[in-house]
Amino acid sequence: MTHARTTAITAATVPVEAGELFYESVGEGPPVVLLHGGMLDLNMWDEQSLWLAGLGYRVIRYDARGHGRSSTVAGDYAHHDDLHTLLAHLDVPCATLVGHSLGARTAVDTAIAHPESVSALVLASPGVSGRPFADPYVAHHTAQQLAAMGDLDGGAQRFVEHFLRMWVDGPYREPSQVGRALRERMHASASANVMRHARGLGAGMPREVGAADRLASIGVPTLVLDGELDSSDISSNAQAITRTVPDARRQRFASAAHMVNLECTGLFNLAVRSFLVSTTDLN
């Protein structure tokens, strides 16, 4: 069956509790929602959005609260409730969620808190609420980020550089071993985020579901994708999901760290496409 290749993009905002979310929607067909990683924005999915729409899906991507063009954090909030509100506003009763890092953490929380809204999960370099970070490499750079927050002269750039060391380079590579274009792109995105939402740091706390102890309750097809060069925290999360979520599958990419969709775009897209074909009906 031939599917219309709709490339007209709708961009708008949706009101949520004490704020609004900026989103884009493109294509027609089964809905797929792309959830970006922390400190980034919806543009990290540029390599997937129109491609998925061309395959016959309705692709929705949005900036999480405190990111991109969505509202700055002004009080306690819940990313999974924000997503649920967005889906209701767009009249999407159920969708496949494709999340990266923080976005995967949100996707997992949503599958637990609002199971009727989720038909399948693709969890890339996943975070899991309730699972603490334990990798010494991550702990070191997180401490350096906290120190940079108190420095009015150059603190923002140091904050971003430690983000890049953790979540772009990873513990097994020096910056010079990472593609320059990828590193510059992530630097620009994270820097813009810091500048736009700096006043929201510490303004509120995320309400989460404690997914670490509730993974077995997830009842939808689940694919986990992670890089062998990522931190041990992320590898541990990926292993826990694969071991605990019924029938979850895992694929690892040997040459990638945290940004698997951008470092291994071809293999990542192939894995996502195969999974979507097996879990959604395009007819």
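The questions and answers below concern a predicted model.

Me: What radius of gyration does the protein chain have, and what would a compact globule have?
Reply: The C-alpha trace of the protein chain spans about 55 × 40 × 40 Å along its principal axes. With 283 residues, a compact globule would have a radius of gyration near 19 Å, and the value for the protein chain agrees with this, being 18 Å.

Me: What percentage of the 283 residues in the protein chain is buried?
Reply: A residue counts as buried when its relative accessible area is under 20%. By that cut-off, the buried part of the 283 residues in the protein chain comes to 54%.

Me: Among contacts between residues at least 6 apart in sequence, what percentage joins residues at least 24 apart?
Reply: The protein chain has nine helices and eight strands. Among the contacts in the protein chain between residues at least 6 apart in sequence, the part joining residues at least 24 apart is 74%.

Me: In what order do the eight strands lie in the open sheet, and which strands stand at the edges?
Reply: The eight strands form an open sheet with mixed pairing, in the order 1-2-4-3-5-6-7-8. The strands at the edges each have a single partner strand, so one side of each is left without a neighbour in the sheet, and these are strand 1 (9–16) and strand 8 (249–253).

Me: How many bridges join strand 3 to strand 4, and how many join strand 3 to strand 5?
Reply: Strand 3 runs parallel to strand 4, and strand 3 (residues 31–35) also runs parallel to strand 5 (residues 95–100). Val32 has a bridge partner on each of these strands, namely Val59 in strand 4 and Thr96 in strand 5. The bridges to strand 4 number five, and those to strand 5 number four.

Me: Is strand 3 largely enclosed or left open, and how many of its residues are buried?
Reply: Both faces of strand 3 are covered, with Pro31, Val33 and Leu35 buried on one side and Val32 and Leu34 buried on the other. Strand 3 is therefore largely enclosed by the rest of the structure, and its buried residues are five of the five.

Me: Which residue in strand 6 is the bridge partner of Gly99?
Reply: Gly99 lies in strand 5, where Ala95, Leu97 and Gly99 point one way and Thr96, Val98 and His100 the other way, and all are buried. Leu35 stands opposite Gly99 in strand 5. Strand 5 is joined to strand 6 by six bridges, and the two run parallel; in strand 6, the partner of Gly99 is Leu123.

Me: At about what angle does helix 7 run to strand 7?
Reply: Helix 7 (residues 232–244) lies across strand 6, strand 7 (222–227) and strand 8. The direction of helix 7 makes an angle with strand 7 of about 160°.

Me: Is Met259 buried or exposed, and which residues is it in contact with beyond its neighbours within four places in sequence?
Reply: Met259 lies in the loop between strand 8 and helix 8 (260–263). At 1% relative accessibility, Met259 counts as buried. Leaving aside its neighbours within four places in sequence, Met259 is in contact with Leu40, Met44, His100, Trp167, Val168 and Met186.

Me: What is the relative accessible area of Ser49?
Reply: Ser49 lies in helix 1 (residues 49–55). Leaving aside neighbours within four places in sequence, Ser49 is in contact with Val26, Leu34, Val59 and Arg61. Ser49 is buried, and its relative accessible area is 5%.

Methods:
Residues are numbered from 1 along each chain as its sequence is written. This is a predicted model: local features need pLDDT of at least 70, side-chain atom pairs count only at pLDDT 80 or more; totals for chains, interfaces and linings use all residues. Side-chain values use heavy atoms; hydrogens and water are left out. Buried means under 20% relative accessible area, exposed over 50%, partly exposed in between (1.4 Å probe, protein chains only). Contact means heavy atoms within 4.5 Å. Two strands pair if DSSP finds at least two bridges between them. Axes are lines fitted to C-alpha atoms, for helices over the stretch in contact, and angles run from 0 to 180 degrees between N-to-C directions. The radius of gyration is taken over C-alpha atoms; the globule rule is 2.2 Å times the number of residues to the power 0.38.
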